[in-house]
Amino acid sequence: MRIISGDFGGRRLSAVPGMQTRPTTDKVKEAMFNMLSRYFNNGTVLDLYAGSGGLGIEAISRGYAHAFLVDRQYAAIKTIKNNVAVTKHPEQFTILKMDAFKALQHFAQIQQQFALVLLDPPYKQQQIVKILNYLAQKQLLTANAIVLAETDTTVSYPVINGYELVRLQKYGITQVAIFRYLGENND
């Protein structure tokens, strides 16, 4: 695994040891960030199921200002810390060891908003629609925020109030969906 492009491009990242996480392949990560490139801004990123932290680190490398990297596993947090150290810019990252929904509640309490949300949950725990609804309900997204969801190909999405599905792409057993937040009053 490596950082594909940007300020930290080419630097090697470690994977989380064991079989509890499924790192995004470099090929899929590069395709994801190429799809996202037209939406990039200097905002704040949330990598909610961070694993190794690779997606959030890639976003910072490509120009986002700050990333919150959240995971509930000790081994993942240790790996994230090591990978953030590779960037030599730890001030651009906040690492949180907690459950995804507890983290969302925390962000709602402190009124933190995100311009980009990266969702790569364990395939057996996919709750993308529930998370999208929560993000909108608790006003955790900036205007025109982007949410990228990496799932397996069995996931299908209904029309979700406040979001536009701007891209859906399959890579083998992996599916990538990109949503743009339109706001609560848009259908």
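In which sense do strand β5 (residues 141-152) and strand β7 (residues 174-181) pair, and over how many bridges? The two strands pair in the antiparallel sense, over seven bridges. The structure is a predicted model, in which local features need pLDDT of at least 70 and side-chain atom pairs count only at pLDDT 80 or more, while totals for chains, interfaces and linings use all residues. Residues are numbered from 1 along each chain as its sequence is written, and side-chain values use heavy atoms, with hydrogens and water left out.

**View 1. The seven-stranded open sheet.** The strand order is β3-β2-β1-β4-β5-β7-β6, with mixed pairing; two strands pair if DSSP finds at least two bridges between them. Helices (H or I, at least four residues) and strands (E, at least two) are DSSP runs, numbered from the N terminus. The edge strands, β3 (93-97) and β6 (163-171), each pair on one side only. From one strand to the next the twist averages 15°. Asp152 stands opposite Thr174 in β7.

**View 2. Helices α2 and α4 on the sheet.** Helix α2 (residues 54-61) touches β1 (44-47), β2 (66-71), β3, β4 (114-119) and β5, and its direction makes about 180° with that of β2. Helix α4 touches β1, β2, β3 and β4, at about 140° to the direction of β2. Contact means heavy atoms within 4.5 Å. Axes are lines fitted to C-alpha atoms, for helices over the stretch in contact, and angles run from 0 to 180 degrees between N-to-C directions.

**View 3. Helix α4 against helix α5.** Helix α4 (residues 100-110) and helix α5 (residues 128-137) pack at an angle of about 10°, their axes 11 Å apart. The helices are therefore roughly parallel (angles under 35 degrees). Phe101, Leu104, Gln105 and Ala108 of α4 meet Lys130, Ile131, Tyr134 and Leu135 of α5.

**View 4. Aromatic pairs.** Rings of Phe, Tyr and Trp (its six-membered ring) pair if their centres lie within 6.5 Å, and by this rule there are six aromatic pairs. The ring centres of Phe68 and Phe107 are 5.2 Å apart and their planes lie at 75°, so this pair is edge-to-face (planes over 60 degrees apart). Phe68 belongs to strand β2 and Phe107 to helix α4, 39 residues apart. Phe68 is buried, at a relative accessible area of 11%, and Phe107 is buried at 0%; buried means under 20% relative accessible area (1.4 Å probe, protein chains only). Ring pairs also link Tyr157, Tyr163, Phe179 and Tyr181 into a cluster.

Terms used: Parallel < 35°, antiparallel > 145°, perpendicular 65-115°, else oblique. Phe/Tyr/Trp six-rings, centres within 6.5 Å; stacked < 30°, edge-to-face > 60°. Buried < 20%, exposed > 50% of the residue type's maximum accessible area, 1.4 Å probe, protein only.
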